[in-house]
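Please take a look at the model shown here.

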Amino acid sequence: MVATKSVSPTVAQQIADRIGPPLAGALNTTTDRALLLAQSLYVAAITLVLLTVAYFAVTTLVDLAPLNNVTAATRREKTIEVAVNAPVMTLPAVLVLVAATLHTAVPAYAAAGLELLIVLGGLALWWLPYLAGVTVPWATAGIGETWAQLHARTYAKTIVVLPRIGNRPRPNLEHMILHSLLLAAAAVTFAYASKI
């Protein structure tokens, strides 16, 4: 038989006070591992979403050659990319905060769904041209270039670890990291939503 050690209410309250308000009111003398798991997933979801947004903003605006090539993008392109994408990418964090504050899973599932849509859009933008030779319609909306031209100008001289498939544009390391962060944020946010 395995003995389990219970956490005193004082320790449980201290944990809740350190982690934040979302589930603090639900803690009691029989601190539940599921509750602590939900707290951990909450912190991880918020952290991953905001880390992803920060990574996106930095790699879009700051020259980190050869990881990125922001010098090849016009000021207008960089401004539009951040102005359009950063608020959308931040919304899942806001929805997770709402879910935690209201103690309801619906906003958390909405956050996870939005995060999933964001990552699917990124994967379609980068991986369809590489794997299938198909470019999504929004890839170059309003800039007057094809995806292959934009890629050659702004991404071709960055770190690319994938093998060539004909002359198709390849996802670069910068975007492979971004897609990994987005996938992790979506998975953790779904996990958090399931524990509320």
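Histidine 151 is in contact with Trp126, Ala156, Pro169 and Arg170, leaving aside its neighbours within four places in sequence. Contact means heavy atoms within 4.5 Å. Histidine 151 sits in helix 5. It counts as buried because its relative accessibility is 6%. Buried means under 20% relative accessible area, exposed over 50%, and partly exposed in between, with a 1.4 Å probe and protein chains only.

This is a predicted model, in which local features need pLDDT of at least 70, side-chain atom pairs count only at pLDDT 80 or more, and totals for chains, interfaces and linings use all residues. Residues are numbered from 1 along each chain as its sequence is written, and side-chain values use heavy atoms, with hydrogens and water left out.

**The overall build**

The protein chain has six helices and zero strands. From the N terminus on, its elements run α-α-α-α-α-α. Helices (H or I, at least four residues) and strands (E, at least two) are DSSP runs, numbered from the N terminus. Of the 196 residues in the chain, 40% are buried. Take the contacts with a separation of 6 or more: residues 24 or more positions apart account for 62% of them.

**Salt bridges**

How many salt bridges does the structure hold? It holds two. A salt bridge is a side-chain nitrogen of Lys or Arg within 4 Å of a carboxyl oxygen of Asp or Glu.

| Side chains | N to O distance |
|---|---|
| Glutamate 77 and arginine 153 | 2.5 Å |
| Arginine 153 and glutamate 145 | 2.6 Å |

Glutamate 77 lies in helix 3 (residues 75-102) and arginine 153 in helix 5 (residues 147-154), so their pair ties together parts that are 76 residues apart in sequence. Glu77, Glu145 and Arg153 are linked in a network of salt bridges. Is glutamate 77 buried or exposed? Glutamate 77 counts as buried, because its relative accessibility is 16%. Arginine 153 has 27%, so it counts as partly exposed.

**The largest pocket**

Rolling a probe the size of a water molecule over the atoms shows where empty space is left. The largest pocket holds about 950 Å³ of space. A pocket is an open set of points on a 1 Å grid over the protein atoms alone, where a 1.4 Å probe fits, with protein on both sides within 12 Å along at least five of seven lines; lining residues have an atom within 4 Å of a point. Grid points are joined across faces, edges and corners, and the volume is the space filled by probe spheres set on the points.

The lining of this pocket has 36 residues. Glu81, Asn85, Leu125, Ala139 and Tyr155 lie nearest the centre. Helix 3 gives the largest share of the lining, nine residues. Helix 2 (33-61), helix 3, helix 4, helix 5 and helix 6 (173-195) each supply at least two residues.

**The surface**

The protein chain exposes about 10600 Å², and carbon and sulfur atoms supply 67% of it. Accessible areas come from the Shrake-Rupley method with a 1.4 Å probe; for residues, only the protein chains shown count as cover. Leucine 117 is found in helix 4. It counts as exposed because its relative accessibility is 60%.
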